[in-house]
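Subject: A structure for you to look at

Hi,

Here is the structure I promised to pass on. Could you open it beside this email while you read?

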Amino acid sequence: MIGYARCSTVLQDLTAQREILTGLGVAGDRISLDKGLTGTNRARPGLDQALAAVRAGDTLVVPKLDRLARSVPDARDIGDTLVARGVRLSLGGSIHDPADPMSKMFFNMLAVFAEFEADLLKLRTRAGMAIARSHGKLKGSQPKLTARQQAELVRMHATSDYTIADLMEVFSIGRATVYRVLDRTKTTGTTDAEIPR
C-alpha cells in the first residue's frame with residue numbers, strides 16, 4: 001500500500017491524515033506528502049512520487065478523495081489511470097471499484113462534492129477580498145519607489161556614473177528591485193508606479 005496526503009497551506013498540519021493512513025495499514029515510509037499545494041494543481045511532487053511508486057496489484061490509499069483531486073475531470077483521470085495500471089484506489093478504507101456501478105456512482109458524487117467545495121472556497125475568497133478592497137484594507141503590494149524615484153534611478157543608471165551597488169545604496173533598495181525597475185522601463189518605457197493596478 002502506498003499512501004498520499006495533502007494540505008493546501010504550509011500552516012496546516014498533516015498529522016491527522018498521516019494517522020488515518022497508518023491506521024489503514026500504510027507504512028510511514030510509504031506515505032507521500034504535499035504541503036502548501038491545492039488539489040486543483042496537478043503539479044504536485046508528492047502525488048507524482050506516489051503515482052510513480054504504485055505497481056499493478058498495489059493500492060493507493062488517500063484519507064479522502066478531496067485530498068487527491070478537487071475537480072471531477074482530475075479525479076476521473078487519476079482514477080482511470082490507476083485502473084488501467086491495475087492499481088486499486090482506497091478512499092479512507094473504501095476500495096473504489098470502477099467495475100461496480102454503485103462504487104462508480106459514489107466515486108463520481110464524491111468528486112462532484114470535492115469540486116463544489118473548491119469552487120465555494122474560491123467564491124468566498126473573492127467575496128472577502130472585494131469587501132476588504134472596498135474598505136481600503138486590501139491595496140496590494142505598493143511599489144518600493146515612487147514614480148519620481150524610479151525615473152531618477154533610471155536617469156542615474158543611464159549616465160553610467162553609478163553601479164548597481166551605488167543605486168542600491170542611494171535608494172536603500174535591494175538588487176532585485178533595481179533590476180526590476182530597469183527591466184520594466186526597458187521593456188515598457190514606463191516605471192512601476194505608472195503601470196495601472
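This is a predicted model: local features need pLDDT of at least 70, side-chain atom pairs count only at pLDDT 80 or more; totals for chains, interfaces and linings use all residues.

Residues are numbered from 1 along each chain as its sequence is written, and side-chain values use heavy atoms, with hydrogens and water left out.

**The sheet**

Five strands form an open sheet in the order β2-β1-β3-β4-β5, with mixed pairing. Because β2 and β5 (94-96) stand at the edges with a single partner strand each, one side of each has no neighbour in the sheet. On average, neighbouring strands are turned by 25° against each other, direction ignored (axes are lines fitted to C-alpha atoms, for helices over the stretch in contact, and angles between N-to-C directions run from 0 to 180 degrees). Strands here are DSSP runs of E with at least two residues, helices are runs of H or I with at least four, and both are numbered from the N terminus. Two strands count as paired if DSSP finds at least two bridges between them.

**Strand β1 and its partners**

β1 (residues 2-7) pairs in the parallel sense with β2 (residues 31-35) over 5 bridges; Y4 has S32 as its bridge partner there. β1 is also parallel to β3 (residues 59-62), joined by 2 bridges, and I2 is partnered by L60. From β3 the pairing carries on to β4 (residues 88-91), parallel over 4 bridges, with L89 as the partner of L60.

How many of the residues of β1 are buried? The count is 6 of 6, where buried means under 20% relative accessible area, exposed over 50%, and partly exposed in between (1.4 Å probe, protein chains only). I2, Y4 and R6 lie on one side, and G3, A5 and C7 on the other.

**Helices and surface**

In helix α3 (residues 65-68) you will find L68, which counts as buried at 0% relative accessibility. Its C-alpha atom is separated by 13 Å from that of T81, 13 residues apart along the chain.

By contrast, M105 of helix α5 (residues 101-134) is partly exposed, with a relative accessible area of 43%.

Happy to talk any of this through.

Best wishes
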